[in-house]
Amino acid sequence: MSDEKEFRFECQRCRFCCSGGPGYVFLSESDLKRLEEGLKIERDKLIRLYARFVDYGDHYLLSLKERKNYDCVFLSEEGCRVYEFRPVQCSTYPFWKRIAENMKDYIREGESCPGIGRGRAYSKEEREAIMAKREENIPLSFPKKG
């Protein structure tokens, strides 16, 4: 692997990771709690307005809604409306296992993300801690009935 200093990242607020194509932002219990507190909204209303249930085989997972153009429901012209209390899946990008375990994948992701290669360097230990934070943030799962 290359020099650790190459794992640099500083969000440029380009909104690429929040728009452009279909995807899921799966929500955990702690994600919901932060969103409830940050938006000052009750859970039922939060789920009704901003989330959807995704069929995942024998269960459903809760994900943020997307607009028809695939933008995140919280994306505005100014950027993320919930940036300070966004879900862990969002706050840990681009330090996801499939991206940040090796330099080749990280550089490839940088073709779409202008924040990769900028800002401060992240050590292997820091990257691993961020990846673990995402892995430990288990999405809510709801069994299918009958």
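Here is a walk through the aromatic rings and the nonpolar core of this structure. It's a predicted model, so local features need pLDDT of at least 70 and side-chain atom pairs count only at pLDDT 80 or more, while totals for chains, interfaces and linings use all residues. Residues are numbered from 1 along each chain as its sequence is written, and side-chain values use heavy atoms, with hydrogens and water left out.

Let's start with the rings. Two rings of Phe, Tyr or Trp (its six-membered ring) pair if their centres lie within 6.5 Å; planes under 30 degrees apart are stacked, over 60 edge-to-face, and the rest tilted. By this rule there are 9 aromatic pairs. Take Tyr50 and Phe74: their ring centres are 4.7 Å apart and their planes meet at 35 degrees, so this pair is tilted. Tyr50 belongs to helix α2 (residues 43-50) and Phe74 to the loop between β3 (59-64) and β4 (75-76), so the pair ties together parts 24 residues apart in sequence. (Helices, H or I with at least four residues, and strands, E with at least two, are DSSP runs numbered from the N terminus.) Both Tyr50 and Phe74 are buried, where buried means under 20% relative accessible area, exposed over 50%, and partly exposed in between (1.4 Å probe, protein chains only).

Now look at Phe95 and Tyr122, a tilted pair with 4.6 Å from centre to centre and 45 degrees between the planes. Phe95 sits in the loop between α3 (88-91) and α4 (97-100), and Tyr122 in the loop between β6 (120-121) and α6 (124-136), so this pair links parts 27 residues apart in sequence. Phe95 counts as buried because its relative accessibility is 2%, and Tyr122 is buried at 14%. They're also in one aromatic cluster with Phe7, Phe9 and Tyr106.

Where does Phe74 turn up again? Phe74 is in the largest nonpolar core, a group of 18 residues, and is among those that touch the most other members, along with Leu27, Leu32, Leu35, Leu62 and Leu64. Such a core is a set of buried Ala, Val, Leu, Ile, Met, Phe, Trp, Tyr and Cys residues joined through side-chain atoms within 4.5 Å. The elements giving two or more residues to this core are α1 (29-39), α2 and β3, and α2 gives the most, with 3 residues.

Tyr60 counts as partly exposed because its relative accessibility is 30%. Lys144 lies over the face of Tyr60, 5.4 Å from the ring centre; for this, NZ of Lys or CZ of Arg must be within 6 Å of the ring centre and within 35 degrees of the ring normal. Likewise, Arg13 lies over the face of Tyr83, at 3.6 Å from the ring centre.
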